[in-house]
Amino acid sequence: MPLHHLSFHTAGESHGRGLVAVLEGIPAGMPLDAATDIDPDLRRRMGGYGRGRRMLIESDRAEIMSGIRLGETLGSPVSMVIWNRDWKNWTSAMAHEPPDPEGNPKALRPVYLPRPGHADLAGVLKYDRRDARDILERASARETAARVACGAVARTLLRHVGATVGSHVTSIGDVEASPPDGLPDDLNAASDPSPLRTLDPAAEGEMIAAIDAARAAGDTLGGCFEVVVRGLPVGLGSYVSWDAKLDGRLAQAVMSVHAIKGVEIGPAFINAARPGSRVHDAIVRNESERRSGGFARVRNRAGGLEGGITTGQPLVVRGAMKPISTLLKNRLPSVDLRDGTTKHATVERSDVCAVPAAAVVAEAMVALVAADALLEKFGGDSLTELRRNLDSYVKHLNARGFRPRGPEKR
């Protein structure tokens, strides 16, 4: 496996005291302020039409514990805590101490009817537990708040080298959006005002109606989104080993987001039905494309990657989210873990649709992979050194010219 120059870990349960995030590899000297660089992304993750009551309780903000001094990174691990406001209602159920033998068992909020589609049953069997609460608390998508905090730091690093990350929702249920051919330069500024984070106002109304219908039926909806990174130079990633290919690293990162069951680079599934002449992108000269050495593509149907390497074109990653597992009505059959009888699956407080939020989480994961690939190629213990290395590379790209035919000059 390639050495990760940027790595992160998260800890915490959905209704525990809080979530912990540790991000290692951010170079020294990068300006970072939680209130302006991290908390806005945490708020974006909490939004979106179709979210549940939990988002009315929480007010996520990151409390930086280490790695920052006087407004700049130190080069040491950046650690953060996001406190769970709802924890005060779960102090008995999520206590660290053994339960009181004389206490009320219901206060522990056990779950004995695993939900189809969730990690409940597989986790109970894997970790040899009886109460699925031991599984679902960590398997909950609440954990993604910590990922978004790490991703926001990675996004800040990308911004300081001239790269941006944004996303928009392309479908909810069977309602498809028709975004413009030329996406806005500031993608999030255009998509965030929409309650569905879509660029198609007509589809937005249909999406809202579909979510309302699902809520009334006690059902849930999934959908698809697109993450776009602009400003990355040509040459990130590699084709020489399977685990160094950037498309594979991106797919794993986005697929790791809760309920994501499909990932594509560019319009891959549409391209699969087309002949190559309608898929591959013609190469042209364009002196203004300095981060790709003066080369450009007529189209970007490859999604910014060829051979597992960035081309200098926008990086486009798409994800498909399944409907959320918790159903309020028409609950699917399950098996009681206490006696083996068949009953309806349990109900946990949940969302009807979380695709807009999933797109924000996917932004974080894509930002982390892109920043890791950037540091992998250009290194640098400080932001100044990283920029210097990148600038030197871009300068070389545009100075190398065209070599005459004949023996290769090295």
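Author: Begin where the helix has ended. Just after α11, Gly401 has a positive phi of about 65°. Keep in mind that this is a predicted model.

Now step back into the helix itself. α11 runs over residues 383-399, which is 17 residues. From first C-alpha to last, α11 reaches 24 Å. That is close to the 24 Å expected at 1.5 Å a residue.

Which residues of α11 are buried? They are Leu383, Leu386, Leu390, Tyr393, Val394 and Leu397. Look down the axis of α11: these buried residues fall within an arc of 95°, so they line one face of the helix. Buried here means under 20% relative accessible area.

What covers that face? The cover over the buried residues of α11 includes α5 (144-160) and α10 (355-378).

Turn to the other side of α11. Thr384, Arg388, Asp391, Lys395 and Ala399 are exposed there. Exposed means over 50% relative accessible area.

Helix α7 spans residues 201-216 and has 16 residues. It reaches 23 Å from its first C-alpha to its last, close to the 22 Å expected at 1.5 Å a residue.

The buried residues of α7 are Ala203, Met207, Ile211 and Ala214. They cover an arc of only 80° around the axis, which puts them on the same side of α7. Strands come in here: β7 (164-172) and β8 (175-176) are among what covers these buried residues. The face of α7 turned away from the buried side carries Pro201, Ala202 and Ala216, which are exposed.

After the helix comes Gly218, with a positive phi near 70°.

One last stop is empty space. Rolling a probe the size of a water molecule over the atoms shows where empty space is left. The count comes to one cavity of 30 Å³ or more. The largest cavity has a volume of about 30 Å³. Its lining is made up of Asp219, Thr220, Thr326, Leu328, Ser350, Asp351 and Val352.

Methods: Residues are numbered from 1 along each chain as its sequence is written. This is a predicted model: local features need pLDDT of at least 70, side-chain atom pairs count only at pLDDT 80 or more; totals for chains, interfaces and linings use all residues. Side-chain values use heavy atoms; hydrogens and water are left out. Helices (H or I, at least four residues) and strands (E, at least two) are DSSP runs, numbered from the N terminus. The expected span of a helix is 1.5 Å times one less than its number of residues. Buried means under 20% relative accessible area, exposed over 50%, partly exposed in between (1.4 Å probe, protein chains only). The arc is that of the directions from the helix axis to the C-beta atoms. Contact means heavy atoms within 4.5 Å. On a 1 Å grid over the protein atoms alone, a cavity is a set of points where a 1.4 Å probe fits but cannot get out, and a pocket is an open set with protein on both sides within 12 Å along at least five of seven lines; lining residues have an atom within 4 Å of a point. Grid points are joined across faces, edges and corners, and a volume is the space filled by probe spheres set on the points.
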